[in-house]
Amino acid sequence: MSRSLFNDFLRHFALIVILMAVLSPLLWLLLTAFKPYEELFNNPPTILPESATLVNFTEGWEIGGGKGIMDSLIVSSISTVICLILGFPASYALARRFPPHGQLSFTILSLRMMPPIVPVIGFYLLFQELSLFDTYTGLIIVYTFMNLPLVIWLLAEFMRQIPKSYEEAARVDGASWFQLFRDVLLPLSLPGVLTAGILAMIFAWNEFLFSLVLTGDAVITLPKALASFFLFQQPNWGQLGAIGIVAFGPLLLLSYYMQRLLIRSFSIELGGR
Amino acid sequence: MILLAPALVFLTLMSIWPFGYLLYASFTSYQLAIPIPIEWVGFDNFTKLMSGARFWSSLGITAIFALVAVPLQILAGLGLAMLINSISRGREIYASLFLIPMMLAPIIVGFSWNLFLNPIYGPLNALLRSLGFQPPAWAQSPEWALPTLVAVDIWQWTPLVMIILLAGLRSIPARVFEAAKVDGSNRVQTFVNIILPMLAPYMVVAFVLRFIDSFKVFDIIYILTRGGPGTSTQNLAYYTYDVGFSRFQFGSAGALSIIQLVLLIIGTTVILSAVRRRSAASEGGSR
């Protein structure tokens, strides 16, 4: 008994050591966010900031972090809402009328697999033609295109869990399509809607290549704003770290939820066959 | 049917319309910067690309990400998943913390590593120097730039493999292990005869997903090396970006995109059909 307890202790120890090593670059960026400019290029570097400061947060916001966060919020939240509006009815139809691993599901999902570099050139040329280059509308269209397949597919998985008898009862009571969606299906599939919405939001929030290529000076999403800091030889790492924490730190709170979701989806997808 | 229509119309329109431009560009002399009339050039863009050394070297680098980085991710992910699955409590906490690298924007991943590996003021080299080593300049050195990028890719995507395999390990019922113990099977035998076969479908899914995604590697290259030194870390995606948006040669860039799409379709089909044949064979054998 004590031997197995010792083994367990060793395993925890190994996991913690690996975890510290894995997360060290991120912890370093976190510490850097609190260092004043003079301290950034010390050799050897200081681990903890000698004179901790919050100036990087205020400056980082002013020199482009604020604009980046606003633009990213606009683009990713609007595209997420459109994805859900288009995806919700579509996923219902897909779940009820088509087989779970059929051709249509596969085709829709395979759009998601395409490397973004393939459609980006087509989008660039099309947007030049339609004057959508460097506009919110343009980027929203692209992010909707990028996320809609996944949203439909995920929502359809949730819709399949809803018993058909619920909607049949609603139909018998004379509910319209709209009422059926609003009063029956939406409340029942709310966890699915939230999940799909969060995922679409994260993917749009983190996306870089499309915004790099398809926008100029008018729309500057967060990843693009951060990348533009990097044009200088010695970027101000403190400001970069500060914006990074504010903009991407909150996402990490979803990590617990995400591992549950992923384990569950892969178990269902693969275990069910 | 009418419910599917808006989404399908949107998706179809947004795939076919830009794709039309892409196809058109790839068979013409489309260049944005030069105001010459656009000419139909047939397969010229493709043949020119394939006779250049840069195409083959970038293809090689994409292949390294797909065929070196991905198997290493599977190994590391398997190790981590087994370790996490073996502890008595706190599995979900470890799983959530190990998931962090893949939750982050690739751009932040790039920045963290760029700072961490900086040859002058980065902490890793400071540590190595203090231990008496003479560390290389990692992303800035010709020999180490590509291994560094591969390592960062492994760092970022091992968590996905880990989580898929954790789902797999959880699907193995406890009685299977008990039965193995009763039969007197030792740890290695249990691993080879029970765990690996039962994890196989999960490993295949992890491999296919990561294989497809390995064609997408771009952000970390952009932030860590800009494809350099020279062109030593340009994969197909970065090469396409460079041709299209630094030199505005959309004909060549379009052709490159189409080549990538074809490679990806061929690669995935080959893997999936191999898997199907295997599983069909093993099912036939067990009967």
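This is a predicted model: local features need pLDDT of at least 70, side-chain atom pairs count only at pLDDT 80 or more; totals for chains, interfaces and linings use all residues.

Visitor: Why is S255(A) called buried?

Guide: Its relative accessibility is 2%. Buried means under 20%, so S255(A) counts as buried. S255(A) belongs to helix 13 of chain A, residues 255-271.

Visitor: Which residues does S255(A) touch, leaving out those up to four places away in sequence?

Guide: S96(B), L99(B), I100(B) and M103(B).

Visitor: Why is L10(A) called partly exposed?

Guide: The relative accessible area of L10(A) is 41%. L10(A) sits in helix 1 of chain A. With F6(A), F9(A), F13(A) and V17(A), L10(A) forms a nonpolar surface patch of about 520 Å² accessible area together.

Visitor: And what makes I64(B) partly exposed?

Guide: A value of 28%. That lies between the 20% and 50% limits, so I64(B) is partly exposed. I64(B) is part of helix 3 of chain B. Beyond four places in sequence, I64(B) contacts A69(B), L146(B) and V150(B).

Visitor: How do you know that the span of helix 8 of chain B is close to the expected one?

Guide: Helix 8 has 27 residues, 145-171.

Visitor: Where does helix 8 of chain B bend?

Guide: At W157(B), by about 40 degrees. The proline P159(B) follows within four residues.

Visitor: What makes helix 8 of chain B mostly covered?

Guide: The count: 23 of its 27 residues are buried.

Technical notes. Residues are numbered from 1 along each chain as its sequence is written. Chains are lettered from A and ligands numbered from 1 in the order in which they are written. Side-chain values use heavy atoms; hydrogens and water are left out. Helices (H or I, at least four residues) and strands (E, at least two) are DSSP runs, numbered from the N terminus. Buried means under 20% relative accessible area, exposed over 50%, partly exposed in between (1.4 Å probe, protein chains only). Contact means heavy atoms within 4.5 Å. The expected span of a helix is 1.5 Å times one less than its number of residues. The bend at a residue is the angle between axes fitted to the seven residues ending there and the seven starting there. Patches are made of residues with over 30% relative accessible area and no salt bridge: like charges are joined within 9 Å, nonpolar side chains (Val, Leu, Ile, Met, Phe, Trp, Tyr) within 5 Å. Accessible areas come from the Shrake-Rupley method with a 1.4 Å probe; for residues, only the protein chains shown count as cover. A salt bridge is a side-chain nitrogen of Lys or Arg within 4 Å of a carboxyl oxygen of Asp or Glu.
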